Amino acid sequence: MSTTDKLLPGKPWPLGASWDGQGVNFAVFSAHASAIELCLFDDAGTLQTRCEPLPGHTDDIRHGYLPKATPGLIYGLRAHGDWQPRHGHYFNPNKLLLDPYAREVVGTFEWCDENFPYVHPSPQDTPPGQPPAMDSRDNAAGALKARVVQEDSFDWSGDQPPGVPLPDTVLYEAHVKGFSKRNPAVPEALRGSYAGLADPASLAHLKRLGITSISLLPVHYALDEERLAGMGLSNYWGYNTLAFFAPSVRLASQQGGVNPRDEFRSMVKALHAEGLEVILDVVYNHTPEADGGGPSISFRGLDNASYYRLSPEPPVGFENHSGCGNTLDIRQPRVLQLVMDSLRYWVQRMHVDGFRFDLAPVLGRSSEGFERNGAFFTAVAQDPVLSRVKMIAEPWDIGPGGYQVGGFAKGWLEWNDHFRDGMRSFWLQPGEQATSLGDFARRLCASADLYQGSGRAPSTSVNYLVSHDGFTLLDLVSHNERHNEANGEDNRDGHGNNLSNNCGAEGPTDDSQINEQRGRMQRALLATTLLAQGTPMLCAGDELGHSQQGNNNPYCQDNEITWIDWTQADDTLIDFTAWVLSLRRQLLPFGNHWYSGLSDTLGLHDLHWLNSSGEVLQDQDWRDNSKRVLGCLIGQPGRARAPLLLLVNPEAEDRDFMLPAGVWQAVLDTADPRGVTRWQGQGEAPLKLAAHSLMLLVVAGTEVQF
């Protein structure tokens, strides 16, 4: 590799560092910089060996070409321009900056004064009307840098996306590290890594369950917040992305000298070989540079006024729709391009199958507020790559008008917190406090009130009871109060209203009756989520009884609080979950079409609701929360050739339910720990429905594989 050849003008595309076999082209966006320098470093990334301006300048892109340069070259950037923080400009050439298009990040970030563009600790200490003083210290030795990579060196061996249809999709939300870190069946050197998730023991569990798509918490290169680092904690969840093209080093085992990028690719390849999709949780709403008091690591130093949403009048402040100090400005074409380029990279180069977008309304915020057909959504809809993968929105942020459940465009799935809260309330709260029968019915049938009117399919609704954010399923039935003391915020963080029910004792107990009730409630909640109309999502560990010790906000707990303890796994609960998912695959009870409740020309209803006497519910019944036993007769089921009957009893006592005419066979009873039942009986007779339970019945003779 030569770094002594003359730096040529090169090309303004593609952005980032690109090796063409003869040399490396560098291209960097900045609308306000007067110059951008390319700085080269030794193999250790500590000694700067060369630094000179990129000679090319085309439409806000600075670019240059270094002949004979090869993959492995370590580089950083320095940006020259105005130092006017009150107007949004933080140009300081003393600070080495990371390329936003970095494929591989070199070094470890330290929260030290040298990484701030102004004299630390805070520009707020500056006298009114004066800009904070620029910090003149050079931070190059310890700054994060990028390494040039060879993109097409990985052998995919014909890997193809599984292409799971939406009606068949079952999401499984997991953390790469937390999933396998404590699994003794995984080789110790691989536990908690991409390779650990690809290990045969991990794959066997996923296949046993019957999920189709693993939705991974953020894997992009991220940083810990300064506050957490000072407390000796870390951002375990990873929702603090710095490098949108680079996989996290923390999640790589790097065994055998394999780099994180290729270890991630090997994981995807192994999951695909088992027919499992890979969905990434992505954070394009903010960066770790925080507000005006934050460090200058990449975006701030290159062009703060372009990358972030700023108030229009000086002194300029940062719009904070993310709750993390800053908000990426997707209104800016080059910022939009960054997001689109990153997404395409992960699909085309890393073979992922879709994305879940953290605080997704940020991506649709124009100057007037959220727009469901804004530039980003329009760009995705017409993109020949991205329009073919799964797109899932977390449909809220903390900005004005930020709650947008039901507000996204066609083709987008949404996390449905109406389902989460409605079903928690129905199963776990006493009758007078529980959600109404009408709300239960709406949520069970894909929340037509939210999605049908805009022409979206039932699969739009991502139905979940538990996610990474909140109680685990076991904790939901074991704790009335959060227990977040380990987070260092005096138990003030996390949700205060969890709609949980500890069944009579706070936390673990030896009381057999309480534990039996907790088991029933867990199974009823699991079955409701996995059989309901829409796209179900299971949170990793809930199928085996994982507890976080009552911590409902363990974002900073990279330890045994969050890591799944496989030695304590409830094998019976795993079997139960697998059976319910088997029934979903075989019967798809509600299908992926909207129900009207009306009858056809033969007088047969597509779907109707029954009370415990077997009579069709009337208007007054929907409002009577004193009688909550309910039946749903599905006349046009998804894959079954004959009607299905779903029965629910959230009450504390067993109840009789008068069955409709015909011969019925039960295929699921959540009162049984494994859920499997072969009961068969004549209709127009009462069936005892156990307390806190759900049953699924088919017309006798319906083919079901047990």
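User: Which residues line the second largest cavity?
Analyst: The lining consists of Tyr464, Leu465, Val466, Leu473, Leu525, Leu526, Thr529, Leu530, Met537, Leu538, Cys539 and Asp542. A cavity is a set of points on a 1 Å grid over the protein atoms alone where a 1.4 Å probe fits but cannot get out, and lining residues have an atom within 4 Å of a point. This is a predicted model, where local features need pLDDT of at least 70 and side-chain atom pairs count only at pLDDT 80 or more, while totals for chains, interfaces and linings use all residues. Residues are numbered from 1 along each chain as its sequence is written, and side-chain values use heavy atoms, with hydrogens and water left out.

User: What volume does the second largest cavity have?
Analyst: About 80 Å³. A volume here is the space filled by probe spheres set on the grid points, which are joined across faces, edges and corners.

User: Which element gives the largest share of that lining?
Analyst: H13, with 4 residues. Helix H13 (512-531) and strand S23 (535-539) each supply at least two. Helices (H or I, at least four residues) and strands (E, at least two) are DSSP runs, numbered from the N terminus.

User: And how does the lining of the second largest cavity split by class?
Analyst: Into 10 nonpolar, 1 polar and 1 charged. Ala, Val, Leu, Ile, Met, Phe, Trp, Tyr, Cys and Pro count as nonpolar, Asp, Glu, Lys and Arg as charged, and the others, Gly among them, as polar.

User: Val466 is on that list. Where is the place of Val466?
Analyst: Val466 is in the loop between strand S22 (461-463) and helix H12 (473-476).

User: Is Val466 buried or exposed?
Analyst: Buried, at 4% relative accessibility. The cut-offs are under 20% relative accessible area for buried and over 50% for exposed, with partly exposed in between (1.4 Å probe, protein chains only).

User: What does Val466 touch?
Analyst: Leaving out residues up to four places away in sequence, Val466 has contacts with Arg424, Phe471, Thr472, Leu473, Leu476, Met537, Cys539 and Asp542. Contact means heavy atoms within 4.5 Å.

User: What about Cys324, how far is its sulfur from the closest cysteine sulfur?
Analyst: The distance is 14 Å, again to Cys556, and too far for a bond. Cys324 is partly exposed at 32% relative accessibility.

User: Then how many disulfides does the structure hold?
Analyst: There is 1. Cys39 and Cys51 form the disulfide, with their sulfur atoms 2.3 Å apart; the criterion is a pair of cysteine sulfur atoms within 2.5 Å.

User: Changing topic: what volume does the largest pocket have?
Analyst: About 950 Å³. Of its 39 lining residues, Trp237, Glu394, His468, Asp469 and Asn553 are closest to the centre. A pocket is an open set of grid points with protein on both sides within 12 Å along at least five of seven lines.

User: Which classes make up the lining of the largest pocket?
Analyst: 14 residues are nonpolar, 13 polar and 12 charged. H9 gives the largest share, 3 residues.

User: Last one: how many cavities of 30 Å³ or more are there?
Analyst: There are 8. The largest cavity holds about 230 Å³ of space. It is lined by 22 residues, with His175, Cys539, Ala540, Gln548 and Thr562 closest to its centre.
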